Each structure stands twice: as structure tokens, then as C-alpha cells.
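Biologist: I would like to learn how to read the features of a model like this one. Could you walk me through them?

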Amino acid sequence: MEKEVVFTERAPAPIGPYSQGVIAEGKFLFVSGQIPIDPETGELVNGPIEAQAERAIRNLLAVVEAAGGSARNIVKVTVYLRDMKGYARFNEVYERYFSTSRPARAVVEVSNLPKGVDVEIEAMAVL
């Protein structure tokens, strides 16, 4: 299998033994879960779910763009929320980025996420 690692400084460096993204067979992009870390400062973006969602989505899109794609190439998104009560507010931010491409999506409530953040987002794209 042909595999290429994707890395960009426009998204946070991995905080563990994984890649920001991996392209398989030259066209399938798998983006690791992105949390709200500012890639310029390395600091967490704290605050309401809207602020965290904005940063996590921008990080996700930075990896997709580094692989040569855009939001339109994303076919599947998985969202992990620590509290489903923030679902509607998360969706307001999400829709600004995916209103026209509308990938398949799952949203799951989880008990905890890395660094105690409220949201993590992963995606698959076809380049």
C-alpha cells in the first residue's frame, strides 16, 4: 500500500505518536482528531464550545489543504463532544465551513478528550 504522511505548521504538531494526516493510495486522506490548539502558540483555545469548534475546524482544514484538498473533498467527519448540550452551538460554527459540501457525519458524546478540551474532530477526504 502506498502511504504518505501529511504535516503542516498551520495545524498543531501531534501530541503523541501519530501523524496529522495520512494519504493512502494517492487519494484517500485520513485526518487525525484535531483539538482546539492554536498552532502558532501551542496553547489551548479555551472558552465556549463555539471558540473551541472554530479552532478545531480550522486545524482540520489546514491539514486537508496541506494535502491539496479543501472542505469540498471531505466525505466523512466524526465529532467528539464532551457535552451534547453544546451540539446546537457547535453546529452553528460547523455549518459556516460545511454548508455547501455537507459530508457524512457522526457526533458522539464522550466522557473526556485530550487535554480536557470540549471538542475533537477527525475526517476522511478523497483528493
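Predicted model: local features only at pLDDT ≥ 70, side-chain atom pairs only at ≥ 80, totals over all residues.

Biologist: How many aromatic pairs does a search of the whole structure find?

Modeller: Rings of Phe, Tyr and Trp (its six-membered ring) pair if their centres lie within 6.5 Å; planes under 30 degrees apart are stacked, over 60 edge-to-face, and the rest tilted. Here the search finds two aromatic pairs. For Phe90 and Tyr94, the ring centres are 5.7 Å apart and the planes are at 35°, so this pair is tilted. Both residues belong to helix H2 (residues 87–98), four residues apart, or about one turn of the helix. Helices (H or I, at least four residues) and strands (E, at least two) are DSSP runs, numbered from the N terminus. Together with Phe98, Phe90 and Tyr94 form one aromatic cluster.

Biologist: Are Phe90 and Tyr94 buried or exposed?

Modeller: Buried means under 20% relative accessible area, exposed over 50%, and partly exposed in between (1.4 Å probe, protein chains only). Phe90 is buried because its relative accessibility is 0%, and Tyr94 is buried at 7%.

Biologist: Which residue lies over the face of Tyr94?

Modeller: A charge sits over a ring if NZ of Lys or CZ of Arg is within 6 Å of the ring centre and within 35 degrees of the ring normal. In this model Arg105 lies over the face of Tyr94, at 4.5 Å from the ring centre.

Biologist: What does the side chain of Asn59 reach?

Modeller: A polar contact is a pair of N or O atoms within 3.5 Å; within protein, one must be able to donate a hydrogen and the other to accept it, and residues adjacent in sequence count only if both atoms are side-chain atoms. The Asn59 side chain reaches the backbone oxygen of Ile35 at 2.9 Å. Asn59 sits in helix H1 (residues 49–66) and is buried, with a relative accessible area of 0%.

Biologist: How many salt bridges are there?

Modeller: Side chains of opposite charge can pair when their charged atoms come close. The rule asks for a side-chain nitrogen of Lys or Arg within 4 Å of a carboxyl oxygen of Asp or Glu, and the count comes to five salt bridges. One of them joins Glu54 and Arg96, with the closest N and O atoms 2.5 Å apart. That pair links distant parts of the chain, with Glu54 in helix H1 and Arg96 in helix H2, 42 residues apart. Arg82 and Asp118 also meet in a salt bridge (3.4 Å, N to O). Arg82 lies in the loop between strand E4 (74–81) and H2, and Asp118 in the loop between strand E5 (104–109) and E6, so the pair ties together parts 36 residues apart in sequence.

Biologist: Which residues make the nonpolar surface patch?

Modeller: Patches are made of residues with over 30% relative accessible area and no salt bridge: like charges are joined within 9 Å, nonpolar side chains (Val, Leu, Ile, Met, Phe, Trp, Tyr) within 5 Å. Accessible areas come from the Shrake-Rupley method with a 1.4 Å probe; for residues, only the protein chains shown count as cover. Phe28, Phe30, Val75, Met124 and Val126 make a patch of about 380 Å². Strand E3 (28–34) and strand E6 (119–126) each supply at least two of its residues.

Note on methods: Residues numbered from 1 in each chain as written. Heavy atoms only, no water.
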